[in-house]
Amino acid sequence: TERKTVSDETAQLDERDRADMARLAGGHGPALNELMERHAPKLFNYLVRCLQNEDDAADTAQETFVRVYQNCAKFDARQKFSTWLYAIATNLVKDRYRHRSRHPQVSLDAENEATGENFRESVPEHDPTPSESLQGAERVHTIRKAVAELPEELRTPLILSEYEELSHAEIGEILKCTAKAVETRIYRARQQLRISLAKLLESV
């Protein structure tokens, strides 16, 4: 029943998104505010993880919603709005990386809630001691650094899967590739992460 409730809730949100997009395409500007309220916080967290910089993420989130507004008439109501939104944001991330230096600035303030089994941060049962807190912070930083250093074609599907919890089919829609290609990229990303994390943890 819990899963049914979640899927019902998701279906209701999808319907609200479609209705707001129809209103936006019909010239009702405030519908964009409704869409931003629902999606901006999650989108911002995704962009922080992709770009490793909060200012860049905020700028890109804003630009994403500008594109939503400009292209609202092109939205196909048969697809999920969130998939379309992430596709726009992911293309803007690619543009950012094309113009950026090879060494992204890692934002230590970036929120990091890993949901994947391989990257889940361990939470101790008791209150951590100062040294444990420091080790935990270092571990989060190390994981973030390793993810940031992955090639973009591997990093983006991994973030969409582990942090955004999207299915391979949804990620395939966003990246315009097959679900099988997504699976392969995520597998390669995990393999590379294991190697780079082993090296980074050796040097700590």
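## Aromatic pairs

Rings of Phe, Tyr and Trp (its six-membered ring) pair if their centres lie within 6.5 Å; planes under 30 degrees apart count as stacked, over 60 as edge-to-face and the rest as tilted. By this rule, Phe75, Phe81 and Trp84 form one aromatic cluster. This is a predicted model: local features need pLDDT of at least 70, side-chain atom pairs count only at pLDDT 80 or more, and totals for chains, interfaces and linings use all residues. Residues are numbered from 1 along each chain as its sequence is written, and side-chain values use heavy atoms, with hydrogens and water left out.

The structure holds four aromatic pairs. In one of them, the ring centres of Phe75 and Phe81 are 6.1 Å apart and the planes stand at 70 degrees, so this pair is edge-to-face. Phe75 also pairs with Trp84: the centres are 5.2 Å apart and the planes at 55 degrees, so this pair is tilted. Phe75 and Phe81 are both buried (under 20% relative accessible area; exposed is over 50%, partly exposed in between, with a 1.4 Å probe and protein chains only). Trp84 is buried too.

## A charge over a ring

Arg155 lies over the face of Tyr97, 4.5 Å from the ring centre. Such a charge has NZ of Lys or CZ of Arg within 6 Å of the ring centre and within 35 degrees of the ring normal.

## Salt bridges between helices

The whole structure has 15 salt bridges (a side-chain nitrogen of Lys or Arg within 4 Å of a carboxyl oxygen of Asp or Glu). Helices are DSSP runs (H or I, at least four residues), as are strands (E, at least two), numbered from the N terminus.

Arg96 lies in helix α4 (residues 81-99) and Asp56 in helix α3 (residues 54-70), so the pair ties together parts 40 residues apart in sequence. Arg96 is partly exposed at 29%, whereas Asp56 is buried at 17%.

## Helices α6 and α8

Arg188 and Glu153 form a salt bridge, with their closest N and O atoms 3.3 Å apart. Arg188 is in helix α8 (residues 179-203) and Glu153 in helix α6 (residues 152-162), 35 residues apart. Both are partly exposed: Arg188 at 36%, Glu153 at 40%.

Glu162 and Arg190 also form a salt bridge, at 2.3 Å between the closest N and O atoms. Glu162 lies in helix α6 and Arg190 in helix α8, so this pair links parts 28 residues apart in sequence. Glu162 is buried at 5%; Arg190 is partly exposed at 26%.
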